[in-house]
Amino acid sequence: MDIKTIGVIGAGQMGNGIAHVMALAGYDVRLNDISRDMLDKALDAIDKNMDRQVSRGKISEEERKAALARIVPTMSVEETAATDLVIEAATEQETVKQKIFDSLLPHLLPHTILTSNTSSISITRLASRTDRPEKFLGFHFMNPVPVMQLVELIRGIATDEPTYKACLAVVDNLGKTAASAEDFPAFIVNRILVPMINEAVYTLYEGVGNVRSIDMAMKLGANHPMGPLELADFIGLDTCLAIMNVLHDGLADTKYRPCPLLTKYVEAGWLGRKTRRGFYDYRGEEPVPTR
């Protein structure tokens, strides 16, 4: 299947990043959100990020203008559904994702491939709610999308080979690398990464070290580019908690029990960079640890 048009649902950090790379690769993109304000912010972010790429010599000014012209913001489900490939990139809540797919179904083209950018939720279960489980795939980009090289492709139990190959061709066209993952909770990257973050939160919770010393230890002792608590703030503490809950519920192993301190931060609305407070307070000129 020759994919030319792509619908991206969700204009947040992941959605606008996906729209960004798809447009640069030559695809016509319909970027959908229920909020006009979110769409305006997404277009502004894409413009600024592409401008940064121009200043660094990654793309030309002509490429930037052409890519921006390929992105059409829309609040219409009908317009978004009438594409070759739909990528759902909404919040990491299964009920929200199910409602989105339910709304799309009456308006999809017969050949439209449905995908989800979920970082942990069962692809098989999401696909089973649709009329085309064989044309459903997990399409998991890493954050920030324009920078990160990897894309996880996750087949549900019913996903057919043409669907997988069509999405693999898109990844190749983006100049990114695909990793094929089985449909188990959190797949590959987050199955390894988020429990490490959760263990770092336990280390903080138990008083083994404070925020700064834990992050410094992992950066200088394990050569990580970001400390685990700094990374948690970047990902979003609500997303980290959602992934840990999926692992804990799906695998029924106590080693995946979310740290109570992580739950407390989320309950407080301290979700990291996006709320300007998490394990660090970002409201001043420099981030300051909150513990």
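This is a predicted model: local features need pLDDT of at least 70, side-chain atom pairs count only at pLDDT 80 or more; totals for chains, interfaces and linings use all residues.
User: Which helix holds both Lys-48 and Asp-44?
Analyst: These two residues form a salt bridge, with their closest N and O atoms 3.2 Å apart. They are four residues apart, about one turn of the helix. Both belong to helix α2, residues 36-55.

User: How many residues apart in sequence are the parts that Asp-102 and Arg-129 tie together?
Analyst: Asp-102 and Arg-129 form a salt bridge in which the closest N and O atoms are 2.8 Å apart. Asp-102 lies in helix α5 (residues 94-104), while Arg-129 lies in the loop between α6 (123-128) and β6 (136-141), so the parts joined by this pair are separated in sequence by 27 residues.

User: Is Asp-281 buried or exposed?
Analyst: The side chain of Asp-281 meets that of Arg-283 in a salt bridge of 2.6 Å, N to O. Buried means under 20% relative accessible area. Because the relative accessible area of Asp-281 is 17%, Asp-281 is buried.

User: Which residues are linked with Asp-47 in a network of salt bridges?
Analyst: Here the contacts form a network of salt bridges that includes Asp-47. The residues linked with Asp-47 are Glu-61 and Arg-64.

Terms used
Residues are numbered from 1 along each chain as its sequence is written. Side-chain values use heavy atoms; hydrogens and water are left out. A salt bridge is a side-chain nitrogen of Lys or Arg within 4 Å of a carboxyl oxygen of Asp or Glu. Helices (H or I, at least four residues) and strands (E, at least two) are DSSP runs, numbered from the N terminus. Buried means under 20% relative accessible area, exposed over 50%, partly exposed in between (1.4 Å probe, protein chains only).
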